[in-house]
Amino acid sequence: MANSHRQTDESSVHTPLLDADQIQGQVECEDTDLDETLQWLESFLCFLGFKQSSLLSFALSWASFIILGVLLPVLTLELTDCSGCSKYQIKRFELDIVASQAILAAVSLLCLSHNLRKYGIRKFLFVDRFTGQMVRFRDEYIQKIWISFRLLGLWVLACVVLKIAREVIRLLYVHHDSWWKSVSILLAFVLSWTYLTTISLSACIMFHLVCNLQVIHFDDYGELLERESDVLVFMEEHIRLRHHLSKISHRFRIFLLLQFLVVTASQFVTLFRTTGYRGTFTFINGGDFAVSSIIQVVGIIICLHAAAKISHRAQRIASVASKWHAVLTCVSTDAFLLRSSNNVESLETASNPPSVLVNYSESDLESFDFLGMPSNPQYASYMPSYIRRQAFGTSLCLI
């Protein structure tokens, strides 16, 4: 009997340890999923030449850019130039398009590679282990990463298909010496176009991803107002969010400014070239202007959508906090009125922290409008809490 009792005690002691080991193993497995996703993302960026952590990788990245993005299309245009092809291919139009695409891709490559080299992929995305946020939001992180790169794949595929269709239509009118030469020209143009398009859109997608990862924290902050009632906790989290926003603005401001300038200049060049051309202008000899403009506008829209989304979440926090402050103030006032009448049961119900999303009836709202200032001296003990909430709401409105 003693042995059986001792075995039962030992099993009861060791069982929680086994459960803790299983939980720890599950957490490590989930962390591994996020690590693998970030490793895949880093490998993808390294393949495109964004990771320039050493002199060798820096040289290989820019050498690939010059060869694939500049020399390949320019040499193809020079070698395939013919005197009777101006009706189907205008050389100066094509060179302008190559120049605008190359400059936009160079801006993307330069700005994004600088940030990745300086911060690394984890700190750049604000998913560093030492921030204490990675464990809570790892599933959301993985989901946002895959959504962003599905968006990248969708737009790159759509633009490449449009480019291939345009080049195939042009090859039907421009005849070369042999079919293999026509195929080689087609592949050269499509390869260079795909490379430059992927580079420029990848930088926009990374900005989109960084903003969407911060949207997760803004949504969680709105839920925090329902779970907590300590103003200091809200202030600390708000300071951290503002710090991240300032970092995002600092890291991407040069990229966004240069992107807007390059796209605007490219559109003006397109306008001047098309309106100043005296010959016949068709989709065959000027269709690349349309395809190039679509890619540039898509990149701008992706960046603007991400910036508008995170700005909307930041402004929404001020509204939610103001509502939280108003509801808590009104309920606290009711609690003092009930305390003055020595109603203990009603006081316990009223003193619980209210939810931000509480819906009051019309009669309740009217009673709030006509509440008078209580003369009970105990009200002064709650004034510091009111002042902290008021200061918190004021700081949010100053964003």
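Predicted model: local features only at pLDDT ≥ 70, side-chain atom pairs only at ≥ 80, totals over all residues.
What volume does the largest cavity have? Residues are numbered from 1 along each chain as its sequence is written, and side-chain values use heavy atoms, leaving out hydrogens and water.

**Figure 1. Welcome to the largest nonpolar core.** The core has 65 residues, and Leu125, Met206 and Phe255 touch the most other members. A nonpolar core is a set of buried (under 20% relative accessible area, 1.4 Å probe, protein chains only) Ala, Val, Leu, Ile, Met, Phe, Trp, Tyr and Cys residues joined through side-chain atoms within 4.5 Å.

**Figure 2. A look around leucine 125.** Beyond its neighbours within four places in sequence, leucine 125 is in contact (heavy atoms within 4.5 Å) with Leu38, Leu41, Met206, Leu209, Val210 and Leu213.

**Figure 3. Inside the largest cavity.** Its volume, the space filled by probe spheres set on grid points joined across faces, edges and corners, is about 110 Å³. A cavity is a set of points on a 1 Å grid over the protein atoms alone where a 1.4 Å probe fits but cannot get out, and lining residues have an atom within 4 Å of a point. The lining includes Pro73, Lys163, Trp193 and Asp288.

Figure 4. The protein averages a pLDDT (the predictor's confidence in each residue, from 0 to 100) of 75. Over residues 5–27 the pLDDT stays under 50, and the model has one contact beyond four places in sequence for them.

How values were computed. Buried < 20%, exposed > 50% of the residue type's maximum accessible area, 1.4 Å probe, protein only. 1 Å grid on protein atoms, 1.4 Å probe; cavity = no way out; pocket = protein on both sides within 12 Å on 5 of 7 lines; lining within 4 Å.
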